[in-house]
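Subject: Structure handover

Hello,

Here is the structure we talked about. Please open it first, then read on for what was found.

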Amino acid sequence: MGLRTAVSTSTGLAFAALQYLAAAGLVAYVAGDSAWISIGVAGLLALLAWGFFGELNGMFPTAAAIRRYMGQAMDDRVALSITFTYLTTIVLVVAADAFIVGAALTHVLHVPAGLTTLWTLVLLGLAVGSNLRGVKVAGWVQDVATTLVLTVTAVVSVVALARSGTPLHTPLQPFHHRSGTDFVESVALGIFLYSAFEWVTTNAEEVRDPRHIHRAMFLAVCILFAVCAVMTTAMSHLLDHGQLTSPYPQLPLGERAFGGTGVWLMTAITAITAVNTFNGGFVTASRFLYATAREGSLPPVLARLNDRAVPWVPVVALGVASFSVAVVVEVVGGSEWQVLVAMGAALEAMIYAVAAFCVLRLRGRLADHHRPFRVPLVRVLAVLGIVVFGFLGVVASVSVSNRFDPVPLVIILVLGAASGVYTVRVVPRLRAAELERRAAVRPRRRPPSGGRGPGTDAVAGPGPAP
Amino acid sequence: MATADELAEAYGDWRGRCNANPRLAKMLRGWDRTVHLVTSDTGEGYTLSVAGSVLGELRSGLVGAPDLVVTATSEDFTDLFWGDLNPSEKYLNGEIVLAGSSEDVMRLDAMSMVAFLDQ
C-alpha cells in the first residue's frame with residue numbers, strides 16, 4: 001500500500017454518508033454560517049489526536065495496535081471493555097450509512113417511505129454477501145471512489161454557492177445569535193466529521209513505508225477540513241431548516257448546484273461513500289472479532305471460517321446488528337439519526353482521550369521503546385488531550401439537536417457496562433475453560449529435543465485442540 | 001532456541017497436515033503466495049510457497065519477492081508448526097510480527113488453525 005492509498009483509506013473511512021447529516025446538523029443547530037470555524041477547531045483537535053495515534057502506531061505498527069498499547073497502558077480488562085465499546089461505532093456508522101442511502105433512494109425514486117427498510121436490507125445483504133465471498137475493494141478502486149466522493153462534494157458545494165448570488169451572512173461570527181455553549185457543542189459535533197481517520201492504523205502491516213500511515217492521517221485531516229468546511233458553508237447558506245434536518249441534506253445541495261442532475265449525482269455519491277464504509281467497517285470489525293476470539297476473549301464460534309477464509313459469524317452478526325439499528329432509527333423516525341451522530345462523536349472523543357492517556361502512560365512504562373514519532377511537550381499536550389476530549393465527549397453525549405438529551409450517554413453507559421461485565425465475568429471463564437479443555441484433550445505434540453534451550457518446555461500459550 | 005533441523009521437522013509435519021486437509025485445499029484455492037519466515041533470535045531466513053492449494057517444501061534463505069513476511073523466534077515457529085502455540089495470541093502480544101496484506105495474514109492464520117482444529 002502506497003501513500004496515496006493510505007490517504008484515501010484514512011479519508012474514505014472518515015467520510016461516510018453520515019457526515020452529510022452530521023455537517024447539516026452542525027449547521028442547523030449550533031454554528032450557522034460560521035460552522036467552518038467549529039470544523040476548523042475540531043480539525044486542530046483531530047491533529048492533536050493525530051499526534052497521539054502517530055506515536056502509538058509508530059511504537060506498535062500492527063493491526064492489533066489498539067490491543068497492544070491499551071493492554072500495556074492499563075488493566076487488560078479495562079482495555080478490552082473500552083475496545084468493545086469503541087467497536088460499536090462501526091456498527092452505528094454502517095447502520096446509519098445503509099439507512100441514509102436507503103432514504104435517499106426512496107426520495108429520488110418517489111416510492112413509499114416503507115421501502116427504505118427494503119433498500120437498507122438489500123444494501124446490507126450485498127455488503128454481507130460480498131464480504132462472505134471474500135470480496136475486498138482493491139486499493140485503486142478505493143482511491144478512485146474516495147477521490148470522486150470528495151471532489152464531487154466540494155465541486156457541488158462551490159458551484160451551489162457560486163450560483164446563489166448572495167453573500168454569506170455571518171461567515172466570521174461564530175457567536176452571532178449563539179452562546180459559548182453552542183460553540184462548544186458544535187466543536188464536539190465537529191469531532192465526528194473526522195471520526196475514523198485513525199482506523200488506517202490497522203493497515204500498518206500493509207504499507208510499503210511505515211511513515212505512510214502517519215503522513216496519511218495528517219493529510220486526511222487536512223482534506224476532511226477543506227471538504228467539510230466548504231460543504232457546511234454551502235449547506236448553511238442555501239438550505240432551509242427542513243432540508244437541513246432531513247436524512248439527505250446533500251440531495252437538495254446537489255439540486256442547487258446542478259438541478260435534477262445534481263440530485264442523482266449526489267445520490268450516486270452517497271451510495272459510493274457506503275461502499276467505502278461497508279468495505280472498511282466490515283473488514284476491520286470482523287477481523288478484530290476473529291482475532292479476539294482466537295485469543296480466547298470471545299466465544300470460539302466467532303473464529304469459525306468459511307471456505308474463503310472469512311470469519312463468517314462476525315460478518316453475519318455485524319450485518320444483523322447494523323440492520324437492527326437502522327430499522328430502529330427508521331421506526332422511531334424524526335431526526336433520531338442525530339442520536340447516532342452524538343454517540344459517534346462521544347465515542348470518538350472518548351477514544352482520543354484514551355489515546356492521549358496511553359501516550360502519557362507509556363512514556364513512563366515503556367520509556368526505552370522505539371518511537372519513530374514523538375509527541376512534543378507530551379506532559380502538556382497529553383493532559384490537554386485527556387481533559388479536552390473527555391469534556392467534549394461528555395458534551396456530545398448529552399446534546400442532540402442542540403438540546404439536552406441524555407439518551408446517547410445512557411446508551412453508551414449501557415454498552416460500556418455490558419462490555420465491562422462481559423470482560424470481568426465471562427472472559428476469565430472462557431479463557432479458563434479453553435485452557436482446561438486443551439490441557440485435558442491435547443498433549444503437547446512437539447517431541448522433546450536436547451537441542452532446545454532451558455525453560456522452553458512449557459507451552460507458551462494455549463495451543464489449538466485436535 | 002530451536003535448531004534449523006527442529007524447525008524443518010516441525011514444518012514437515014505441518015505441511016503434511018495442511019496438504020492432507022481437504023478443507024484447506026478449498027480455502028487455499030487461487031491463493032498462490034510466497035512467504036518469508038525470519039527468525040528473530042537466530043537471524044535465519046526461510047521461504048515457503050503455496051501453489052495450486054499445495055504447501056511446498058521449506059527452503060533455507062529468503063527466496064524471491066515475498067507476499068508476506070513473518071518474524072518470530074525459532075522456538076515460536078517450531079511450536080507453531082507442531083500446533084503447540086496459538087499464533088493469534090502471540091500476534092496480539094507482539095511476539096509474532098507480520099508484514100503483508102490482511103487477506104494474506106488471514107489465510108496463513110487459517111492454515112495454522114484449520115490444520116489442527118478444522119474449524
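A residue is called buried when its relative accessible area is under 20%, exposed when that area is over 50%, and partly exposed in between. Keep that in mind below. Note also that this is a predicted model.

Start with the salt bridges. The count over all chains comes to 16. Here are some of them.

In chain A, look at A:Glu55 and A:Arg371. They form a salt bridge, and their closest N and O atoms are 2.9 Å apart. A:Glu55 sits in helix 3 (residues 35–59) of chain A, while A:Arg371 sits in the loop between helix 13 (337–365) and helix 14 (378–397), so the pair ties together parts that are 316 residues apart in sequence. Both A:Glu55 and A:Arg371 are buried by the cut-off above. There is a network here too: salt bridges link A:Glu55, A:Arg363 and A:Arg371.

Next, find A:Arg67 and A:Asp76. Their side chains meet in a salt bridge at 3.2 Å, N to O. A:Arg67 has 6% relative accessibility, so it counts as buried. A:Asp76 has 30%, so it counts as partly exposed.

The side chains of B:Arg33 and B:Asp104 meet at 2.9 Å, N to O. The pair links distant parts of the chain: B:Arg33 is in strand 1 (residues 33–39) of chain B and B:Asp104 is in helix 5 (residues 102–117) of chain B, 71 residues apart. Both B:Arg33 and B:Asp104 are buried. As background, side chains of opposite charge can pair when their charged atoms come close.

Now helix 1 of chain A. It covers residues 3–14, which makes twelve residues. From first C-alpha to last it reaches 17 Å, close to the 16 Å expected at 1.5 Å a residue. Ten of the twelve residues are buried, so helix 1 of chain A is largely enclosed by the rest of the structure. Among the buried ones are A:Thr5, A:Val7, A:Leu13 and A:Ala14.

For a contrast, go to the surface of chain A. A:Leu118, A:Leu121, A:Val122 and A:Leu126 form a nonpolar patch there. Together they have about 360 Å² of accessible area. A:Leu121 belongs to helix 6 (residues 115–132) of chain A. Its relative accessible area is 45%, so A:Leu121 is partly exposed.

Back to chain B, and its strands. Strand 5 (residues 68–72) and strand 6 of chain B run antiparallel, joined by four bridges. In one of these, B:Val70 has B:Leu98 of strand 6 as its bridge partner. In a regular strand the side chains alternate between the two faces of the sheet.

Last stop: B:Gly56. Where does B:Gly56 lie? It is in the loop between strand 3 (54–55) and strand 4 (59–60) of chain B. Is B:Gly56 buried or exposed? Its relative accessible area is 17%, so B:Gly56 is buried. Leaving aside neighbours within four places in sequence, B:Gly56 is in contact with B:Tyr11, B:Arg15 and B:Ser49. B:Gly56 and B:Gly12 are 44 residues apart in sequence, and 9.7 Å apart in space, C-alpha to C-alpha.

Best wishes

Terms used:
Residues numbered from 1 in each chain as written. Chains lettered and ligands numbered in written order. Predicted model: local features only at pLDDT ≥ 70, side-chain atom pairs only at ≥ 80, totals over all residues. Heavy atoms only, no water. Helix = DSSP H or I, 4+ residues; strand = E, 2+ residues; numbered from the N terminus. Buried < 20%, exposed > 50% of the residue type's maximum accessible area, 1.4 Å probe, protein only. Contact = heavy atoms within 4.5 Å. Pairing = 2+ DSSP bridges. Expected span 1.5 Å × (residues − 1). Patch = residues over 30% accessible without salt bridge, like charges linked within 9 Å, V, L, I, M, F, W, Y side chains within 5 Å. Areas by Shrake-Rupley, 256 points an atom, 1.4 Å probe, with all protein chains shown as cover. Salt bridge = Lys/Arg side-chain N within 4 Å of Asp/Glu carboxyl O.
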